[in-house]
Amino acid sequence: MPTINASEIPQGEAARSGHDGPAAAPPGRPSDNSHSIPAHGAEGDPAAHGRDRGAGPDPGGGGEPAGGHGGGEAPELENLWNILAKSPLNKEGTATHQVIKHFDPYVEDPTQASLHKMNQNVFFSFISVGVVWYVLWLAMRRRAMIPGRLQSAVEMVVETLSNLFLGILGEKHGRRYLPFLLALFLFILVNNLLGLVPFMKSSTSLFQSNIVLGLCVFLYVQYSGLRYNGPKRYFLHLLGNPKGAVMWLMSPLMLVLEVLGELIKPISLSLRLFGNIMGEDILLGVFAMLGILITGALLRPVGIEHVWLGIPLHFPFLFLAALTSTIQALIFSLLSCVYILLMLPHDEEER
Amino acid sequence: MPNEAINLVKLAYPLGLGLAAVGSAYGLGRAVSAAMDAIARQPEASGKIQTAMIIGCAFIEALTIYALISIFLVRFGG
(Lines give C-alpha, C1' and ligand atoms only; values in the text may rest on other atoms or scores of the structure.)
Protein backbone atom coordinates (compact mmCIF):
# COMPACT_ATOMS: atom_id res chain seq x y z
CA MET A 1 0.00 0.00 0.00
CA PRO A 2 1.52 3.33 -0.95
CA THR A 3 2.76 5.71 1.69
CA ILE A 4 1.49 9.19 1.97
CA ASN A 5 3.07 12.45 0.91
CA ALA A 6 3.21 15.53 3.04
CA SER A 7 2.83 17.87 0.11
CA GLU A 8 -0.52 16.47 -0.79
CA ILE A 9 -2.39 17.25 2.38
CA PRO A 10 -5.65 18.72 1.14
CA GLN A 11 -5.97 22.17 2.55
CA GLY A 12 -9.66 22.60 2.10
CA GLU A 13 -12.69 21.74 0.15
CA ALA A 14 -11.22 22.98 -3.10
CA ALA A 15 -8.49 20.40 -3.00
CA ARG A 16 -10.83 17.72 -1.76
CA SER A 17 -13.31 18.04 -4.56
CA GLY A 18 -10.60 17.35 -7.07
CA HIS A 19 -10.28 13.75 -5.96
CA ASP A 20 -11.72 11.07 -8.10
CA GLY A 21 -13.20 7.85 -6.89
CA PRO A 22 -10.88 5.05 -5.89
CA ALA A 23 -10.95 3.41 -9.26
CA ALA A 24 -9.79 6.40 -11.17
CA ALA A 25 -7.30 7.77 -8.68
CA PRO A 26 -3.72 8.15 -9.79
CA PRO A 27 -1.12 6.61 -7.50
CA GLY A 28 -0.13 8.84 -4.68
CA ARG A 29 3.49 9.09 -5.63
CA PRO A 30 5.20 10.30 -8.76
CA SER A 31 6.94 7.81 -10.91
CA ASP A 32 10.25 9.58 -10.69
CA ASN A 33 11.76 9.70 -7.28
CA SER A 34 14.26 12.46 -7.70
CA HIS A 35 11.95 15.43 -7.29
CA SER A 36 11.13 16.71 -3.87
CA ILE A 37 7.88 18.46 -4.68
CA PRO A 38 5.52 16.38 -6.77
CA ALA A 39 3.14 18.21 -9.00
CA HIS A 40 -0.24 16.61 -8.82
CA GLY A 41 -3.30 17.65 -10.70
CA ALA A 42 -5.75 18.06 -7.87
CA GLU A 43 -3.38 19.16 -5.19
CA GLY A 44 -2.04 22.30 -6.72
CA ASP A 45 -2.47 24.21 -3.51
CA PRO A 46 0.51 26.53 -3.21
CA ALA A 47 0.52 26.35 0.56
CA ALA A 48 0.96 22.61 0.36
CA HIS A 49 4.29 22.95 -1.38
CA GLY A 50 5.79 24.29 1.78
CA ARG A 51 5.41 20.96 3.50
CA ASP A 52 8.19 18.52 3.59
CA ARG A 53 8.09 15.08 2.15
CA GLY A 54 8.46 13.47 5.52
CA ALA A 55 11.89 12.08 4.88
CA GLY A 56 13.29 13.41 8.14
CA PRO A 57 13.49 10.98 11.03
CA ASP A 58 10.90 11.47 13.68
CA PRO A 59 12.08 11.13 17.25
CA GLY A 60 8.69 9.77 18.16
CA GLY A 61 9.58 6.46 16.56
CA GLY A 62 7.69 4.65 13.91
CA GLY A 63 9.03 6.74 11.07
CA GLU A 64 7.56 9.90 9.75
CA PRO A 65 4.54 9.42 7.59
CA ALA A 66 4.28 11.95 4.86
CA GLY A 67 0.68 13.00 5.19
CA GLY A 68 -2.14 13.52 2.77
CA HIS A 69 -3.43 11.06 0.26
CA GLY A 70 -4.75 10.80 -3.21
CA GLY A 71 -8.12 9.19 -3.60
CA GLY A 72 -8.07 5.55 -2.61
CA GLU A 73 -4.85 4.94 -0.72
CA ALA A 74 -4.34 3.99 2.87
CA PRO A 75 -1.71 5.89 4.80
CA GLU A 76 1.18 3.93 6.18
CA LEU A 77 4.22 4.64 8.26
CA GLU A 78 7.42 5.00 6.32
CA ASN A 79 9.75 2.09 6.20
CA LEU A 80 13.35 1.81 5.19
CA TRP A 81 12.87 1.29 1.50
CA ASN A 82 10.34 4.01 0.96
CA ILE A 83 12.58 6.52 2.64
CA LEU A 84 15.56 5.38 0.62
CA ALA A 85 13.58 5.62 -2.55
CA LYS A 86 12.53 9.17 -1.87
CA SER A 87 15.89 10.36 -0.65
CA PRO A 88 18.33 12.19 -2.93
CA LEU A 89 20.54 9.10 -2.92
CA ASN A 90 18.23 7.55 -5.43
CA LYS A 91 19.59 8.81 -8.73
CA GLU A 92 19.18 6.96 -11.97
CA GLY A 93 22.10 4.80 -12.91
CA THR A 94 23.73 4.42 -9.53
CA ALA A 95 24.06 1.13 -7.72
CA THR A 96 21.81 2.47 -4.99
CA HIS A 97 19.12 3.00 -7.55
CA GLN A 98 19.41 -0.56 -8.79
CA VAL A 99 19.03 -1.94 -5.29
CA ILE A 100 16.17 0.37 -4.47
CA LYS A 101 14.42 -0.32 -7.73
CA HIS A 102 14.38 -3.96 -6.81
CA PHE A 103 12.64 -3.34 -3.51
CA ASP A 104 10.60 -0.24 -4.08
CA PRO A 105 7.08 -0.81 -5.29
CA TYR A 106 6.42 2.41 -7.13
CA VAL A 107 9.17 2.76 -9.68
CA GLU A 108 7.59 0.43 -12.18
CA ASP A 109 4.12 0.67 -13.59
CA PRO A 110 1.19 -0.39 -11.40
CA THR A 111 0.68 -3.74 -13.08
CA GLN A 112 3.98 -4.90 -11.64
CA ALA A 113 3.38 -3.25 -8.30
CA SER A 114 2.44 -6.38 -6.42
CA LEU A 115 5.56 -8.28 -7.44
CA HIS A 116 7.83 -5.52 -6.24
CA LYS A 117 5.82 -4.97 -3.16
CA MET A 118 6.30 -8.58 -2.37
CA ASN A 119 10.02 -8.10 -2.61
CA GLN A 120 9.83 -5.47 0.06
CA ASN A 121 7.98 -7.82 2.34
CA VAL A 122 10.30 -10.68 1.53
CA PHE A 123 13.14 -8.52 2.74
CA PHE A 124 11.43 -7.88 6.04
CA SER A 125 10.56 -11.56 6.37
CA PHE A 126 14.23 -12.31 6.02
CA ILE A 127 14.96 -9.80 8.76
CA SER A 128 12.52 -11.52 11.10
CA VAL A 129 13.92 -14.95 10.29
CA GLY A 130 17.37 -13.59 11.00
CA VAL A 131 16.25 -12.18 14.33
CA VAL A 132 14.65 -15.45 15.45
CA TRP A 133 17.62 -17.52 14.34
CA TYR A 134 20.13 -15.18 15.94
CA VAL A 135 18.37 -15.05 19.31
CA LEU A 136 17.98 -18.82 19.44
CA TRP A 137 21.55 -19.37 18.37
CA LEU A 138 22.81 -16.96 21.03
CA ALA A 139 20.80 -18.76 23.67
CA MET A 140 21.88 -22.24 22.73
CA ARG A 141 25.53 -21.59 22.09
CA ARG A 142 26.63 -23.06 25.42
CA ARG A 143 24.02 -25.43 26.68
CA ALA A 144 24.64 -25.24 30.38
CA MET A 145 22.74 -27.29 32.89
CA ILE A 146 22.36 -24.14 34.93
CA PRO A 147 21.22 -21.80 32.19
CA GLY A 148 22.17 -18.19 31.87
CA ARG A 149 19.66 -15.41 31.44
CA LEU A 150 19.02 -15.60 27.73
CA GLN A 151 18.92 -19.35 27.67
CA SER A 152 16.43 -19.51 30.53
CA ALA A 153 14.25 -16.88 28.89
CA VAL A 154 14.18 -18.79 25.62
CA GLU A 155 13.60 -22.04 27.46
CA MET A 156 10.70 -20.47 29.31
CA VAL A 157 9.03 -19.37 26.11
CA VAL A 158 9.59 -22.68 24.36
CA GLU A 159 8.45 -24.68 27.36
CA THR A 160 5.24 -22.70 27.84
CA LEU A 161 4.32 -23.07 24.21
CA SER A 162 5.27 -26.74 24.18
CA ASN A 163 3.04 -27.43 27.15
CA LEU A 164 0.22 -25.61 25.45
CA PHE A 165 0.58 -27.52 22.19
CA LEU A 166 1.21 -30.87 23.82
CA GLY A 167 -1.81 -30.35 26.01
CA ILE A 168 -3.88 -30.18 22.86
CA LEU A 169 -2.13 -32.78 20.76
CA GLY A 170 -1.40 -35.34 23.44
CA GLU A 171 1.95 -36.15 24.97
CA LYS A 172 2.64 -39.30 22.99
CA HIS A 173 2.09 -38.23 19.42
CA GLY A 174 2.40 -34.49 19.69
CA ARG A 175 6.15 -34.11 19.86
CA ARG A 176 6.81 -34.53 16.17
CA TYR A 177 4.61 -31.58 15.27
CA LEU A 178 6.20 -29.25 17.78
CA PRO A 179 9.04 -27.85 15.62
CA PHE A 180 6.66 -26.66 12.95
CA LEU A 181 4.26 -25.07 15.39
CA LEU A 182 6.95 -23.36 17.41
CA ALA A 183 8.69 -22.06 14.31
CA LEU A 184 5.36 -20.79 13.03
CA PHE A 185 4.62 -18.98 16.25
CA LEU A 186 8.04 -17.34 16.55
CA PHE A 187 8.13 -16.34 12.90
CA ILE A 188 4.68 -14.75 12.96
CA LEU A 189 5.36 -13.06 16.28
CA VAL A 190 8.56 -11.41 15.11
CA ASN A 191 6.96 -10.50 11.81
CA ASN A 192 4.06 -8.79 13.52
CA LEU A 193 6.20 -6.97 16.05
CA LEU A 194 8.62 -5.81 13.35
CA GLY A 195 6.04 -3.37 12.14
CA LEU A 196 6.29 -1.45 15.38
CA VAL A 197 10.03 -0.92 15.09
CA PRO A 198 10.94 2.39 13.44
CA PHE A 199 11.66 2.17 9.72
CA MET A 200 10.52 -1.43 9.50
CA LYS A 201 7.32 -2.94 8.25
CA SER A 202 5.64 -6.15 9.15
CA SER A 203 5.49 -8.48 6.21
CA THR A 204 2.30 -10.04 7.51
CA SER A 205 0.52 -6.80 6.72
CA LEU A 206 0.36 -7.78 3.08
CA PHE A 207 -1.95 -10.34 1.64
CA GLN A 208 0.64 -12.43 -0.15
CA SER A 209 2.69 -13.31 2.92
CA ASN A 210 -0.37 -14.44 4.85
CA ILE A 211 -1.64 -16.61 2.03
CA VAL A 212 1.76 -18.25 1.91
CA LEU A 213 1.60 -18.97 5.64
CA GLY A 214 -1.88 -20.42 5.27
CA LEU A 215 -0.70 -22.55 2.40
CA CYS A 216 2.20 -23.85 4.50
CA VAL A 217 -0.19 -24.81 7.28
CA PHE A 218 -2.57 -26.45 4.83
CA LEU A 219 0.16 -28.51 3.19
CA TYR A 220 1.62 -29.53 6.52
CA VAL A 221 -1.72 -30.53 8.01
CA GLN A 222 -2.66 -32.62 4.98
CA TYR A 223 0.77 -34.19 4.80
CA SER A 224 0.81 -35.11 8.47
CA GLY A 225 -2.70 -36.50 8.18
CA LEU A 226 -1.69 -38.59 5.20
CA ARG A 227 1.48 -39.81 6.82
CA TYR A 228 -0.15 -40.71 10.11
CA ASN A 229 -3.31 -42.28 8.79
CA GLY A 230 -2.25 -43.82 5.54
CA PRO A 231 -4.05 -42.98 2.30
CA LYS A 232 -6.99 -45.30 2.87
CA ARG A 233 -7.95 -44.02 6.30
CA TYR A 234 -7.29 -40.46 5.18
CA PHE A 235 -9.79 -40.82 2.39
CA LEU A 236 -12.28 -42.46 4.72
CA HIS A 237 -11.85 -39.54 7.05
CA LEU A 238 -12.64 -37.22 4.18
CA LEU A 239 -15.77 -39.21 3.49
CA GLY A 240 -16.82 -38.75 7.07
CA ASN A 241 -15.98 -42.20 8.49
CA PRO A 242 -19.05 -43.92 7.10
CA LYS A 243 -20.36 -46.91 8.98
CA GLY A 244 -23.51 -48.45 7.63
CA ALA A 245 -25.46 -48.07 4.44
CA VAL A 246 -27.04 -44.69 5.16
CA MET A 247 -23.72 -43.03 5.79
CA TRP A 248 -22.24 -44.56 2.67
CA LEU A 249 -25.06 -43.08 0.68
CA MET A 250 -24.41 -39.66 2.16
CA SER A 251 -20.67 -39.87 1.71
CA PRO A 252 -20.40 -37.84 -1.54
CA LEU A 253 -22.08 -34.96 0.23
CA MET A 254 -19.77 -35.40 3.18
CA LEU A 255 -16.83 -35.42 0.80
CA VAL A 256 -17.80 -32.06 -0.62
CA LEU A 257 -18.35 -30.60 2.82
CA GLU A 258 -15.11 -31.94 4.23
CA VAL A 259 -13.03 -30.76 1.28
CA LEU A 260 -14.57 -27.32 1.50
CA GLY A 261 -13.93 -27.28 5.22
CA GLU A 262 -10.30 -28.25 4.75
CA LEU A 263 -9.84 -25.53 2.17
CA ILE A 264 -11.58 -22.85 4.17
CA LYS A 265 -9.51 -23.35 7.30
CA PRO A 266 -6.17 -21.98 6.05
CA ILE A 267 -7.96 -19.17 4.23
CA SER A 268 -9.69 -18.09 7.40
CA LEU A 269 -6.42 -18.38 9.32
CA SER A 270 -4.55 -16.15 6.93
CA LEU A 271 -7.36 -13.64 6.53
CA ARG A 272 -7.64 -13.27 10.27
CA LEU A 273 -3.93 -12.58 10.62
CA PHE A 274 -3.84 -10.30 7.59
CA GLY A 275 -6.82 -8.25 8.67
CA ASN A 276 -5.55 -7.74 12.18
CA ILE A 277 -2.04 -6.74 11.25
CA MET A 278 -2.94 -4.57 8.30
CA GLY A 279 -5.67 -2.95 10.34
CA GLU A 280 -3.29 -1.98 13.07
CA ASP A 281 -0.76 -0.74 10.50
CA ILE A 282 -3.33 1.52 8.96
CA LEU A 283 -4.49 2.61 12.39
CA LEU A 284 -0.96 3.65 13.29
CA GLY A 285 -0.51 5.41 9.97
CA VAL A 286 -3.75 7.33 10.23
CA PHE A 287 -3.08 8.50 13.75
CA ALA A 288 0.46 9.55 12.98
CA MET A 289 -0.81 11.48 10.00
CA LEU A 290 -3.41 13.07 12.24
CA GLY A 291 -0.65 14.17 14.57
CA ILE A 292 1.19 15.86 11.74
CA LEU A 293 -1.97 17.51 10.47
CA ILE A 294 -2.76 18.87 13.88
CA THR A 295 0.72 20.23 14.34
CA GLY A 296 0.62 21.83 10.94
CA ALA A 297 -2.75 23.37 11.59
CA LEU A 298 -1.61 24.68 14.94
CA LEU A 299 1.62 26.11 13.61
CA ARG A 300 0.19 27.65 10.46
CA PRO A 301 -1.11 30.85 12.12
CA VAL A 302 2.32 31.33 13.63
CA GLY A 303 3.74 31.18 10.16
CA ILE A 304 5.82 28.03 10.28
CA GLU A 305 5.52 26.38 6.90
CA HIS A 306 7.87 23.42 7.00
CA VAL A 307 6.54 20.88 9.47
CA TRP A 308 9.09 18.19 10.12
CA LEU A 309 7.75 16.83 13.37
CA GLY A 310 4.33 16.16 14.69
CA ILE A 311 2.49 15.22 17.85
CA PRO A 312 2.95 11.45 18.15
CA LEU A 313 -0.71 10.63 18.55
CA HIS A 314 -0.18 7.02 17.63
CA PHE A 315 1.73 6.08 20.77
CA PRO A 316 -1.14 4.47 22.73
CA PHE A 317 -1.91 2.34 19.73
CA LEU A 318 1.59 0.94 19.72
CA PHE A 319 0.75 -0.96 22.90
CA LEU A 320 -2.53 -2.17 21.46
CA ALA A 321 -0.67 -3.26 18.36
CA ALA A 322 1.91 -5.16 20.42
CA LEU A 323 -0.85 -6.99 22.30
CA THR A 324 -2.76 -7.79 19.13
CA SER A 325 0.37 -9.03 17.38
CA THR A 326 1.16 -11.47 20.17
CA ILE A 327 -2.40 -12.72 20.43
CA GLN A 328 -2.72 -13.22 16.69
CA ALA A 329 0.52 -15.17 16.50
CA LEU A 330 -0.70 -17.36 19.33
CA ILE A 331 -4.09 -17.84 17.69
CA PHE A 332 -2.54 -18.80 14.37
CA SER A 333 -0.31 -21.46 15.84
CA LEU A 334 -2.97 -22.75 18.23
CA LEU A 335 -5.45 -23.15 15.42
CA SER A 336 -2.89 -24.95 13.30
CA CYS A 337 -2.37 -27.25 16.26
CA VAL A 338 -6.11 -27.90 16.48
CA TYR A 339 -6.29 -28.62 12.74
CA ILE A 340 -3.50 -31.15 13.10
CA LEU A 341 -5.40 -32.70 15.98
CA LEU A 342 -8.50 -33.01 13.82
CA MET A 343 -6.55 -34.96 11.23
CA LEU A 344 -5.29 -37.49 13.72
CA PRO A 345 -7.61 -40.38 14.55
CA HIS A 346 -9.98 -39.52 17.33
CA ASP A 347 -10.32 -42.91 18.97
CA GLU A 348 -6.74 -42.94 20.20
CA GLU A 349 -7.07 -40.15 22.69
CA GLU A 350 -5.21 -41.41 25.71
CA ARG A 351 -3.57 -38.50 27.42
CA MET B 1 -24.14 8.07 -11.27
CA PRO B 2 -24.65 11.49 -9.69
CA ASN B 3 -22.40 12.52 -6.88
CA GLU B 4 -24.98 12.23 -4.12
CA ALA B 5 -25.82 8.69 -5.14
CA ILE B 6 -22.16 7.73 -5.16
CA ASN B 7 -21.74 9.16 -1.67
CA LEU B 8 -24.74 7.18 -0.48
CA VAL B 9 -23.32 4.00 -1.93
CA LYS B 10 -19.97 4.71 -0.31
CA LEU B 11 -21.80 4.92 3.00
CA ALA B 12 -22.69 1.27 2.68
CA TYR B 13 -19.27 -0.05 3.66
CA PRO B 14 -18.97 1.59 7.06
CA LEU B 15 -22.58 0.72 7.81
CA GLY B 16 -21.96 -2.93 6.99
CA LEU B 17 -18.86 -2.91 9.11
CA GLY B 18 -20.83 -1.40 11.98
CA LEU B 19 -23.40 -4.17 11.74
CA ALA B 20 -20.67 -6.79 11.79
CA ALA B 21 -19.17 -5.08 14.81
CA VAL B 22 -22.51 -5.17 16.64
CA GLY B 23 -22.83 -8.90 16.07
CA SER B 24 -19.30 -9.64 17.18
CA ALA B 25 -19.63 -7.36 20.21
CA TYR B 26 -22.66 -9.30 21.36
CA GLY B 27 -20.92 -12.61 20.83
CA LEU B 28 -17.78 -11.47 22.57
CA GLY B 29 -19.78 -10.19 25.51
CA ARG B 30 -21.41 -13.55 25.96
CA ALA B 31 -18.12 -15.41 25.65
CA VAL B 32 -16.28 -13.22 28.13
CA SER B 33 -19.15 -13.29 30.62
CA ALA B 34 -19.22 -17.08 30.49
CA ALA B 35 -15.48 -17.10 31.10
CA MET B 36 -15.93 -14.77 34.08
CA ASP B 37 -18.55 -17.05 35.56
CA ALA B 38 -16.29 -20.06 35.12
CA ILE B 39 -13.34 -18.31 36.73
CA ALA B 40 -15.53 -17.20 39.62
CA ARG B 41 -16.64 -20.74 40.19
CA GLN B 42 -13.14 -22.22 40.08
CA PRO B 43 -10.34 -19.68 40.34
CA GLU B 44 -7.51 -22.22 40.17
CA ALA B 45 -8.47 -23.14 36.61
CA SER B 46 -8.29 -19.52 35.49
CA GLY B 47 -5.24 -20.12 33.28
CA LYS B 48 -6.94 -22.68 31.09
CA ILE B 49 -10.17 -20.77 31.05
CA GLN B 50 -8.37 -17.62 30.00
CA THR B 51 -6.61 -19.44 27.17
CA ALA B 52 -9.84 -20.88 25.90
CA MET B 53 -11.52 -17.51 26.15
CA ILE B 54 -8.79 -15.84 24.10
CA ILE B 55 -9.09 -18.47 21.39
CA GLY B 56 -12.86 -18.11 21.26
CA CYS B 57 -12.59 -14.34 21.12
CA ALA B 58 -10.20 -14.55 18.18
CA PHE B 59 -12.71 -16.66 16.27
CA ILE B 60 -15.52 -14.21 16.89
CA GLU B 61 -13.34 -11.21 16.15
CA ALA B 62 -12.28 -12.70 12.84
CA LEU B 63 -15.73 -12.27 11.37
CA THR B 64 -15.59 -8.53 11.85
CA ILE B 65 -12.09 -8.54 10.45
CA TYR B 66 -13.39 -10.21 7.30
CA ALA B 67 -15.79 -7.28 6.81
CA LEU B 68 -12.94 -4.85 7.38
CA ILE B 69 -10.77 -6.67 4.83
CA SER B 70 -13.49 -6.44 2.22
CA ILE B 71 -13.54 -2.69 2.70
CA PHE B 72 -9.79 -2.51 2.24
CA LEU B 73 -9.78 -4.71 -0.82
CA VAL B 74 -12.46 -2.74 -2.58
CA ARG B 75 -11.40 0.72 -1.58
CA PHE B 76 -7.65 0.51 -1.75
CA GLY B 77 -7.22 -2.17 -4.36
CA GLY B 78 -4.93 -4.22 -2.18
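Reader: Where do I begin with chain A? How many helices and strands does chain A have?

Author: Since this is a predicted model, treat everything here as computed. Chain A has nine helices and zero strands. Reading from the N terminus, the order is simply α-α-α-α-α-α-α-α-α.

Reader: Okay, and what share of the residues in chain A is buried?

Author: Of the 351 residues in chain A, 35% are buried. Among the contacts in chain A with a separation of 6 or more, 70% are between residues 24 or more positions apart.

Reader: How do I describe two helices that pack together?

Author: You give the angle between their axes and the distance between the axes. Take helix 5 (residues 149-169) of chain A and helix 6 (residues 178-194) of chain A: their axes are 11 Å apart, at an angle of about 125 degrees. That angle makes helix 5 of chain A oblique to helix 6 of chain A. The crossing of these two is right-handed.

Reader: Which residues of helix 5 and helix 6 of chain A make the contact?

Author: From helix 5 of chain A come Val158(A), Leu161(A), Ser162(A) and Phe165(A), and from helix 6 of chain A come Leu178(A), Leu181(A), Leu182(A) and Phe185(A). Sorted by kind, the residues of this contact are seven nonpolar, one polar and no charged.

Reader: What about helix 6 and helix 9 of chain A: at what angle do their axes cross?

Author: Helix 9 covers residues 315-343 of chain A, and its axis crosses that of helix 6 of chain A at roughly 155 degrees, coming within 9 Å. Angles over 145 degrees count as roughly antiparallel, and therefore helix 6 and helix 9 of chain A are roughly antiparallel to each other. Their crossing is right-handed.

Reader: Which residues meet there, in helix 6 and helix 9 of chain A?

Author: Helix 6 of chain A brings residues including Leu181(A), Phe185(A), Ile188(A) and Asn192(A), while helix 9 of chain A brings residues including Ala322(A), Gln328(A), Phe332(A) and Cys337(A). The residues of this contact divide into eleven nonpolar, six polar and no charged. Notice that Leu181(A) and Phe185(A) also take part in the contact with helix 5 of chain A.

Reader: Now single residues. Is Phe124(A) buried or exposed?

Author: For this you count C-beta atoms around the residue, and 20 or more others within 10 Å means buried. Phe124(A) has 26 other C-beta atoms within 10 Å, so Phe124(A) is buried. You'll find Phe124(A) in helix 4 (residues 113-139) of chain A. Leaving out residues up to four places away in sequence, Phe124(A) touches Leu194(A), Met200(A), Lys201(A), Ser202(A) and Ser203(A).

Reader: And Val259(A), buried or exposed?

Author: Here the cut-off is 12 or fewer for exposed. Val259(A) has 11 C-beta neighbours inside 10 Å, so Val259(A) counts as exposed. This residue sits in helix 8 (residues 245-299) of chain A. From Val259(A) to Phe315(A) it is 56 residues in sequence and 44 Å in space, C-alpha to C-alpha.

Reader: Last one: what scores does the model get, and where in chain B is confidence lowest?

Author: The model scores ipTM 0.77 and pTM 0.73. Chain B has a mean pLDDT of 86, with 94% of its residues at 70 or more. Within chain B, confidence is lowest in helix 1 (residues 3-10), at a mean of 80, and highest in helix 2 (residues 12-41), at 93.

Technical notes. Residues numbered from 1 in each chain as written. Chains lettered and ligands numbered in written order. Predicted model: local features only at pLDDT ≥ 70, side-chain atom pairs only at ≥ 80, totals over all residues. Helix = DSSP H or I, 4+ residues; strand = E, 2+ residues; numbered from the N terminus. Contact = placed C-beta atoms within 7 Å. Axes fitted to C-alpha atoms, helices over the stretch in contact; angles between N-to-C directions. Parallel < 35°, antiparallel > 145°, perpendicular 65-115°, else oblique. Left-handed = near helix turned anticlockwise from the far one by under 90°. Nonpolar A, V, L, I, M, F, W, Y, C, P; charged D, E, K, R; others polar. pLDDT = per-residue confidence, 0-100.
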